[in-house]
Amino acid sequence: MRRWVTVVAGLLIATSAVAAPRVYDTGSWASLTKAHAGRAAIVHFWGTSCAPCLTELPEWAKLARTYPSARLIFVQADPMPSHEGTSVLRQAGLGRMESWVFAPAANQERLRFEADPRWRGELPKTVLIAPDGTTTPLRNGTDFARIRDWLERVSKASGVDHIRK
C-alpha cells in the first residue's frame with residue numbers, strides 16, 4: 001500500500017511539473033519559427049506587469065482547451081522575474097504551454113524587431129504563424145474571435161480537422 005501511495009504521489013508531482021521557460025534572446029525568433037516550421041503556431045507576447053495580459057489569460061486557457069492541438073507559445077516580454085510568469089501561467093492553467101522569457105540583458109528593441117519590425121513594445125502582442133511561415137501580427141490587443149477564425153481556416157486548409165476539440 002505504501003508503495004502504491006509513493007507511485008501515485010510521484011505521478012502527481014511529475015504531471016504537475018511546469019517546464020522552466022526558455023530564454024528569448026537575439027535569434028530566438030528564428031529558432032522558434034524554425035522549430036514550428038510546417039505547422040501553425042500562435043506566439044503571444046505578454047507580461048506579468050501588463051493588466052490586460054493578466055485579464056485575458058483565462059481566455060487563452062479556454063482557447064487551449066478548445067483547440068488542444070494548437071501550438072500556443074507564450075513569451076514573457078516584461079522585465080519581471082521569469083518565475084513570476086511561470087507561476088501566473090500555471091495558475092491560469094497554461095503551465096504546460098511552451099514558454100519563453102526575454103533575456104534580462106538583451107536589447108529589447110532588437111528582440112521585438114525580430115518578431116515584428118513595427119512592434120514598439122506594447123503588450124499584449126500576438127503573432128500568428130501559418131504552416132508556410134507567413135506571419136500575421138495582430139495589432140491593438142488580442143482579438144480571440146480573429147484567432148479562432150484563423151485556427152479554423154488553417155485547420156481546413158491543411159486538412160487537420162483534429163485541431164478543434
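This report walks through the sheet, the disulfide and the salt bridges of a predicted model.

Since the model is predicted, local features are reported at pLDDT of at least 70 and side-chain atom pairs only at pLDDT 80 or more, while totals for chains, interfaces and linings use all residues. Residues are numbered from 1 along each chain as its sequence is written, and side-chain values use heavy atoms, with hydrogens and water left out.

**The sheet and its helices**

Let's start with the sheet. Helices (H or I, at least four residues) and strands (E, at least two) are DSSP runs, numbered from the N terminus. Strands of a sheet pair through backbone hydrogen bonds, either parallel or antiparallel. Two strands count as paired here if DSSP finds at least two bridges between them. Six strands make up an open sheet with mixed pairing, in the order β1-β4-β3-β2-β5-β6. At its edges sit β1 (22-24) and β6, each pairing on one side only. On average, neighbouring strands of this sheet are turned by 25° against each other, direction ignored. The antiparallel strands β5 and β6 are joined by four bridges; Ile 129 has Thr 135 as its bridge partner in β6.

Two helices lie across strands of this protein. Contact means heavy atoms within 4.5 Å; axes are lines fitted to C-alpha atoms, for helices over the stretch in contact, and angles run from 0 to 180 degrees between N-to-C directions. Helix α3 lies across β2 (41-46), β3 (71-76) and β5, at about 160° to β2. Helix α5 lies across β1, β2 and β4 (98-102), and runs at about 140° to β4.

**The disulfide**

A disulfide is a covalent bond between the sulfur atoms of two cysteines; the cut-off used here is a pair of cysteine sulfur atoms within 2.5 Å. The structure holds one disulfide, which joins Cys 50 to Cys 53 with an S to S distance of 2.3 Å. The torsion about the S-S bond of Cys 50 and Cys 53 is about 80°, so this disulfide is right-handed. Both Cys 50 and Cys 53 are buried, where buried means under 20% relative accessible area, exposed over 50% and partly exposed in between (1.4 Å probe, protein chains only).

**The salt bridges**

Side chains of opposite charge can pair when their charged atoms come close. A salt bridge here is a side-chain nitrogen of Lys or Arg within 4 Å of a carboxyl oxygen of Asp or Glu. By this rule the count is four, and the table lists some of them.

| Pair | N to O distance |
|---|---|
| Glu 59 and Arg 148 | 3.2 Å |
| Asp 116 and Lys 125 | 2.6 Å |
| Arg 139 and Asp 116 | 2.7 Å |

Glu 59 forms a salt bridge with Arg 148. This pair links distant parts of the chain, with Glu 59 in helix α3 (residues 51-66) and Arg 148 in helix α6 (residues 144-158), 89 residues apart. Glu 59 is partly exposed at 25% relative accessibility, and Arg 148 is partly exposed at 29%.

Salt bridges also link Asp 116, Lys 125 and Arg 139 in a network. Asp 116 is buried at 3% relative accessibility, and Lys 125 is buried with a relative accessible area of 1%, whereas Arg 139 is partly exposed at 32%.
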